[in-house]
Amino acid sequence: MGLKTSFSGVSLPPQKVSNPAIEDAPLPKRVVLPLGQNGNRVCKPVVEVGEQVKTGQLIGQSDDFLVAPVHSSISGTITAIRPWFDLSGNEMLSVIVESDGNDSWLEEIRTDEGFSDKESAQLLTDLKAAGVVEIGPPSMPLQAKFATPEPSKESRFLVGIPQTKPVDTVIINGIDAEPGMAAKGAVLTKYSSEIADGIRILQKLIGSAQMVLAVGSNGSVNSPLSGELAGLGVQVFRGKDKYPLGLNPILIKCVTGLEIPLPDGNEQDIGVAVVDAVTLLHLVEAVRDLKPQVEKVVSVSGAGITAVKNFRVRLGTLVQDLIEQQTGLKGEPVKVIAGGAMTGVALFSTDIPVTKDTAALIFQTATEAKSFSPDACINCGLCVRHCPSRLLPNELSKYCEFTMFEEARDKFLLHCIECGICAYVCPEKRPMLHLMRYGKRELSLA
Amino acid sequence: MEKAISLDKPMLRVSVAPHIQQKITTSHIMYDTLVALVPALLAGIFFFGFAALKLALICMATALACEAGMQKLMGRKLTVFNGSGLILGLLFALICSPETPWWVVMLGTAIAVILGREIYGGLGNNPFNAVLVGWAVARISWVDQMTTWVMPEPQFLLEAGGYIEDPPLSVLRWEGVDSLVDLPWLDLFIGNVPGTIGTVSVVAILIGGIYLLLRRRITWHIPVSFLASAWLFGLLFWLIDPEVYANPTIYLLSGWMFLGAFFLATDKGTVPVTGPGMIVFGIGCGLITMIIRYWGGFLDGVAFAVLLMNALTPLLDRLRPRVYGRVKQIA
């Protein structure tokens, strides 16, 4: 199965991946567990300061179906429940656990062979209880993707497109979209039985939906997995090496030929659900092994680590602790990026915890770190040529720079998928993506 | 609240995404364009001797000096080394007759840099092609100096063409269709005819243009639509009345057609950036060029065609493909 449509984009410099294996990161001495994923939707803590907790024990819960429950990722003592910074500098109520060094689990991890006989409602409940989160943007509990859509979307003025649709196509995104990310490829090569089990669970959850596994041009589906996939009726979509194929809006377009109706639609409107391959692994561990999500597979690269490594990191591990345990790091990193090299966020401090939304960490030394320039646009048109959304980023960035946000919205600013290609190709090194995000934020506040 | 994060650690650099950048800068684009113009300059030197080189050097030096002076005066960042000033100067020299006096090209280049580009805010912000603004002022102000032609004197191997003593377009205009029957097309193609320094040799410009296309500094849209529309328009009239209108290929190979299509009509900042916009821009340039050549007051319409289409650029940028995810809306 190949690309249904072509798209503009760029070929990014190829990256080396040291070893597709996923190593366990050392156990952290303390963890900081934020009680929510995004914005001000947070759980209520169900533990108190001073309480002993075990690994996998529930520490926060909410009635809101867009907030996943939070579990302790290590065993130890709760030393504080207080606000802590997230990666964009906002404060979020967090639970801090000091480790006792034992890592004793609440329940022994065992593989529940009977998972395939469970009802889909039971699977959904297990999934919700395990707190598995699909990485964003926007990050949300995984089961929210499959839930029956709420009827509150009727305010959208769409013609010809059903406003809410049950999911009929599930795309498993196994394409490592950006430099610095290698976890999906690793999961596909090393966890083929998990992927197959995950697809079985998804089929049970969503019923008759068509399943597509998308792999990059260098991503390999090994023979046991491809055999299983054929048995399960899963189609394999082979992409090409072109950014931003791994980003969901473009991937959906290339696999199904459908576009997400923007500005305020989402993939549910066209009956598609995209599941990250790494999230699928966490889903299998949650439902088959009944293990709450206390870990995240994170790719680490940069600053001496020329080939990307993959680690299983306990949630809440501070980036600083990871740096200290990282033997591969050479030189003092001056920039730490959470996420991929194209769309990631540069951290302002290394005291930020790894969350369920962290896909990669990139450490850059002074020579690797890039900067932007305030120079004027020269209208060369490179960004227009490469924009996968077919926007005019040159014009939009100027509107946003001079605070003409309404005009930018009329010129489809809200259709930007924030892939960052415009800023990547800009010969004047203008902060194009930043200007777009700035304009979007100002419009959302207006 | 007590701050969770201490700030006494070494500070991290915070910047916006993306965290990698393509190596290409404005200078790369400009110096590539300059390299692409070198064959045309060499052809000019080959056919017209070192007078051509002298004019080119005068123009480039003037352009750099004016650019630096204006940027200093306006308190802007000095960008004279990014190559755009050199391109402007060189292009100006290439569209002048080798006999043009030095003070005319100097004044023309100065007008191009100062009135054509810098007062609008520099590279990329000028609405009209700066080279052509300077040329238009010089052409209208000093008609005699700008339209003195010499026979080409090839430096070696070739004999001077000698079929015509004026540029082919002016011969066509004043002496009729039959006047060019004897002129070998090869002479037109390699540039063995009187004319401006850098526009006589189609093959040299083509080499530079193909280099730019291969390096992806320009796209095919404007050159192809410019040349194709001009040729097809000429073909139409040739088929209607070959007694009045010459073979369109002669029009294609003479004058500024190729330099216009590959270099003047692809000037960064003054042309549309969307695919459909560029195609309409090229078609407009081709048609207006041919209209001026057939019925206009000027012999070669390329300069005014490009300038006229420059004025439409903001409008042509409205021609764009459908944006991702756009659906029809009811009120």
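1. Two strands are taken to pair if DSSP finds at least two bridges between them. In this predicted model, chain A holds an open sheet of 3 strands in the order β3-β5-β6, with antiparallel pairing. The edges of the sheet are formed by β3 (44–45) and β6 (70–71) of chain A, each of which pairs on one side only.

2. The link between β3(A) and β5 (residues 58–61) of chain A consists of 2 bridges, and the two strands run antiparallel. One residue pair may be named here: Lys44(A) has Gln61(A) of β5(A) as its bridge partner.

3. Chain B is divided by the domain assignment into domain 1 (26–146) and domain 2 (169–316). The centres of domain 1 and domain 2 of chain B, taken over C-alpha atoms, are 21 Å apart. Their contact involves 34 residues from domain 1 of chain B and 29 residues from domain 2 of chain B.

4. On the side of domain 1 of chain B that touches domain 2 of chain B, at least two residues each come from α1 (26–48), α2 (50–73), α3 (84–94) and α5 (130–141) of chain B. The largest contribution to this side is that of α1(B), with 14 residues. Sorted by class, this side of domain 1 of chain B comprises 26 nonpolar, 7 polar and 1 charged residues.

5. Between the chains, 63 residues of chain A are in contact with 42 residues of chain B. The chain B side of this contact is made up of 19 nonpolar, 15 polar and 8 charged residues.

6. The largest nonpolar core contains 231 residues, and Leu251(A), Leu90(B) and Phe92(B) have the most contacts inside it. Helix α1(B) gives the most to this core, namely 10 residues. Beyond residues up to four places away in sequence, Phe92(B) touches Cys59(B), Val105(B), Gly108(B), Thr109(B), Ala112(B), Val131(B), Gly134(B) and Trp135(B).

7. Phe48(B) deserves a separate comment. This residue is found in helix α1 of chain B. Phe48(B) counts as buried because 27 other C-beta atoms lie within 10 Å, where the cut-off for burial is 20 or more. Apart from neighbours within four places in sequence, Phe48(B) is in contact with Pro98(B), Val150(B), Pro152(B), Glu153(B) and Ile197(B). Along the chain, Phe48(B) and Gly195(B) are 147 residues apart, while their C-alpha atoms are separated by 9.6 Å.

Definitions and conventions. Residues numbered from 1 in each chain as written. Chains lettered and ligands numbered in written order. Predicted model: local features only at pLDDT ≥ 70, side-chain atom pairs only at ≥ 80, totals over all residues. Domains from an automatic or database assignment. Contact = placed C-beta atoms within 7 Å. Helix = DSSP H or I, 4+ residues; strand = E, 2+ residues; numbered from the N terminus. Nonpolar A, V, L, I, M, F, W, Y, C, P; charged D, E, K, R; others polar. Core = buried A, V, L, I, M, F, W, Y, C linked by C-beta atoms within 7 Å. Buried ≥ 20, exposed ≤ 12 C-beta atoms within 10 Å, placed from the backbone.
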